[in-house]
Amino acid sequence: MAMQVAERLYTQGKFANYPTWGTLGAQVNNPTWGSYVQRLLADGYQKPRSGTDVGDHPPVTPLRSATEDMLGNDAWRLYEYICTHFIGTVSPDSKYVR
């Protein structure tokens with residue numbers, strides 16, 4: 001089901017695809033995480049760490065900003081996961097106090 005929803009996010013609105021330049025900037029106006037993205041862009045975001053290339057395609061990445069009202073529940077849950085994962089890859093390492 002997740003693959004069907006992911007395909008729908010791509011084919012019906014180009015909300016998700018493979019990474020392109022400017023991907024982070026597309027999320028600046030998102031009402032859920034836009035303010036965090038604005039801070040990342042202002043303060044400098046991290047370049048994702050290099051992994052091991054085993055021939056797979058790049059991870060699916062958000063292309064446009066969307067809301068739950070635009071996508072519906074199932075598509076929103078997958079889209080939210082795609083966005084937060086992507087934003088996490090360019091965020092500074094988390095720090096916590098034990």
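The model is predicted, and the protein has a mean pLDDT of 86, with 94% of its residues reaching 70 or more.

**Confidence**
- Confidence is highest in helix H3, residues 68-71, at a mean of 94, whereas E1 has the lowest value, a mean of 75.
- Where pLDDT is low, the predicted coordinates should not be read in detail.

**The largest nonpolar core**
- Twenty residues, written 20 in the count, make up the largest nonpolar core, and those with the most contacts inside it are Leu-9, Leu-24, Trp-33, Leu-71, Tyr-79 and Ile-87.
- At least two residues of this core come from each of H1, helix H2 (34-43) and H4, and H4 gives the most, with eight residues.
- When residues up to four places away in sequence are not counted, Leu-9 touches Lys-14, Phe-15, Ala-16, Leu-71, Ala-75, Leu-78, Tyr-79 and Ile-82.

**The second largest pocket**
- The second largest pocket holds about 370 Å³ of space, and among the 15 residues that line it, Ala-6, His-57, Pro-59, Val-60 and Ile-82 are the closest to its centre.
- Helix H1 (2-11), strand E1 (16-17) and helix H4 (73-89) are the elements that give two or more residues to the lining of this pocket, and the largest share, five residues, comes from H1.
- By residue type, the lining of this pocket consists of 11 nonpolar residues, three polar and one charged.

Key. Residues numbered from 1 in each chain as written. Predicted model: local features only at pLDDT ≥ 70, side-chain atom pairs only at ≥ 80, totals over all residues. Heavy atoms only, no water. 1 Å grid on protein atoms, 1.4 Å probe; cavity = no way out; pocket = protein on both sides within 12 Å on 5 of 7 lines; lining within 4 Å. Points joined across faces, edges and corners; volume = space filled by probe spheres on them. Helix = DSSP H or I, 4+ residues; strand = E, 2+ residues; numbered from the N terminus. Nonpolar A, V, L, I, M, F, W, Y, C, P; charged D, E, K, R; others polar. Core = buried A, V, L, I, M, F, W, Y, C linked by side-chain atoms within 4.5 Å. Buried < 20%, exposed > 50% of the residue type's maximum accessible area, 1.4 Å probe, protein only. Contact = heavy atoms within 4.5 Å. pLDDT = per-residue confidence, 0-100.
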